[in-house]
Amino acid sequence: LGYYKLKNVTSPLEIFAITSHDLASPELDAMSGKRLRSKNAIAVLPFKNQSGDADNEYLCDGITEVIINALARIKELKVTSRTSSFFYKDTNLPLSKIGEELGVAIILEGSVRISKNRMRVSVTLNDVKEDFQFWSESLDRSPDDIFEVEDEVSILIADRLREHIGHFDVEEKLIATPDVSVGAYKSYLKGRYHLLKMNQQDIRTGMDVLKKTLESDPDFAEANLGMHLGYTLLGTLGFMPAMEAFQAGYPYLQKAIETNPELPECQLQMSYIRFLAEWDLKASYEHLQRAFEKRPTVDYYQSMASILSAEGNSKAALNYINTALQLDPHSNINFHLTGFIHYIEEDYDEAIRWFKKNKAVQDRFIVSALYWGQALVAQGKFKEALQLYASLKDPIARVGGMAVAYTGLGRKEDAATLE
């Protein structure tokens with residue numbers, strides 16, 4: 001759960017939650033104010049584009065994500081996930097405030113400047129707990145040396161972090177260089193840049209870029225995963241019939257797994273297949289463990305929480321989702337999963353509180369809205385449920401939810417006339 005300052009105890013202590021049917025795990029936000037920032041907790045803010053060319057924005061975001069993933073390989077570090085780091089893109093908040101909101105002691109800032117045939121990558125490490133910058137470095141390279149730059153920068157950062165916070169082991173390489181051309185890699189970064197904007201136009205633009213990349217490099221696993229992600233987003237965000245989208249994306253996932261099964265993302269996807277399609281929980285956990293060993297990410301903790309809650313072990317699920325919230329405190333997925341776990345525990349007020357948090361950060365909160373409405377129905381609050389369901393844009397969810405609420409109100413004739 002993190003480090004906490006306790007009454008009559010001189011030094012902060014790291015607190016853990018024990019999973020037991022007889023013990024309730026505390027919510028992280030209920031303990032705020034007592035929790036201290038771990039000296040090993042770091043956030044990598046989105047690198048700034050100083051090139052004067054908006055077309056280079058994708059490269060800045062790509063390098064940022066690569067460094068986040070590289071540092072996440074170091075078990076001793078607690079690295080804020082991409083979602084919460086990018087929450088602060090283009091904001092002017094003081095670093096001390098960002099550090100406080102993310103619960104980190106160190107913030108990495110960076111920038112990229114591309115001019116003709118040169119690329120300058122600059123990075124600084126800031127101790128936001130003690131309020132001072134303790135390291136900065138700039139590397140001037142050719143844009144064609146992007147693989148070497150990413151690897152060199154990640155190792156330099158890891159070494160300086162080790163000097164600052166204490167010894168930990170660092171691998172010789174923190175980044176696995178894909179076996180593709182620099183041009184294909186940059187196209188992949190551009191495609192992913194558009195995908196993660198999560199609006200229909202950008203998703204389709206990103207997929208078009210990735211399709212062209214795969215024409216020349218069909219075995220590029222990350223690009224295949226990108227296409228699978230694109231179809232998944234189209235389906236889950238309502239831009240394409242869900243089943244049609246998932247079926248269209250599945251061959252790309254199969255290709256990625258066939259090409260590079262040891263990628264953490266592939267292991268995660270194989271875990272989902274074993275869990276959702278085959279209900280082979282043992283195999284699902286094994287894939288998750290392999291993904292964790294490759295690179296601990298927030299997705300691992302979210303997946304563990306999902307599977308444990310499906311097994312009925314909601315106490316353990318809450319422990320995992322609490323860790324996910326530490327790594328990604330602005331994630332709508334974490335908000336939804338936390339609410340869902342409380343929902344299956346029949347703690348409806350707490351479930352609704354988290355579903356409301358999800359709504360505050362995401363317009364398309366259809367899944368949370370469905371469980372929010374069901375929680376209101378379970379509490380006998382049919383009028384509130386009716387109002388919530390009536391506000392939904394999805395016609396199936398709206399009509400189905402309103403029918404349930406009308407029935408609860410004894411207005412079956414109104415339920416029968418819904419269209």
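A charge is taken to sit over a ring if NZ of Lys or CZ of Arg is within 6 Å of the ring centre and within 35 degrees of the ring normal. In this predicted model, Arg82 lies over the face of Phe86, at 3.9 Å from the ring centre. A further case is provided by Lys357, which is placed over the face of Trp354 at 4.3 Å from the centre of that ring.

Contacts between aromatic rings were examined next. A pair of aromatic rings is described by the distance of the centres and the angle of the planes. Across the whole structure, the search returns 16 aromatic pairs. One of these joins Tyr188 and Phe220 in a tilted arrangement, with 5.4 Å from centre to centre and 55° between the planes. This pair links distant parts of the chain, since Tyr188 belongs to helix α5 (residues 182-195) whereas Phe220 is found in the loop between α6 (200-216) and α7 (221-236), 32 residues apart. Tyr188 counts as buried because its relative accessibility, 13%, falls under the limit of 20%; Phe220, at 3% relative accessibility, likewise counts as buried. Tyr188 and Phe220 also belong to a cluster, together with Phe147 and Tyr185, that is held together by ring pairs.

Tyr343 and Tyr371 form another aromatic pair, which is edge-to-face, with 5.1 Å between the centres and 65° between the planes. Because Tyr343 lies in helix α13 (residues 332-344) and Tyr371 in helix α15 (residues 366-378), the pair ties together parts of the chain that are 28 residues apart in sequence. With a relative accessible area of 16%, Tyr343 is buried, whereas Tyr371, with a relative accessible area of 24%, is partly exposed.

The search of the whole structure identifies one cavity of 30 Å³ or more, and the space within the largest cavity amounts to about 50 Å³. The lining of this cavity is made up of Tyr58, Asp61, Gly62, Glu65, Arg82, Leu189, Arg192 and Tyr193. Arg82, described above as lying over the face of Phe86, is therefore also one of the residues that line the largest cavity, given that lining residues have an atom within 4 Å of a point of the cavity. Helices α1 (57-72) and α5 each contribute at least two residues to the lining, and α1 gives the most, with four residues. By class, the lining of the largest cavity comprises three nonpolar, one polar and four charged residues.

Key. Residues are numbered from 1 along each chain as its sequence is written. This is a predicted model: local features need pLDDT of at least 70, side-chain atom pairs count only at pLDDT 80 or more; totals for chains, interfaces and linings use all residues. Side-chain values use heavy atoms; hydrogens and water are left out. Rings of Phe, Tyr and Trp (its six-membered ring) pair if their centres lie within 6.5 Å; planes under 30 degrees apart count as stacked, over 60 as edge-to-face and the rest as tilted. Buried means under 20% relative accessible area, exposed over 50%, partly exposed in between (1.4 Å probe, protein chains only). On a 1 Å grid over the protein atoms alone, a cavity is a set of points where a 1.4 Å probe fits but cannot get out, and a pocket is an open set with protein on both sides within 12 Å along at least five of seven lines; lining residues have an atom within 4 Å of a point. Grid points are joined across faces, edges and corners, and a volume is the space filled by probe spheres set on the points. Ala, Val, Leu, Ile, Met, Phe, Trp, Tyr, Cys and Pro count as nonpolar, Asp, Glu, Lys and Arg as charged, and the others, Gly among them, as polar.
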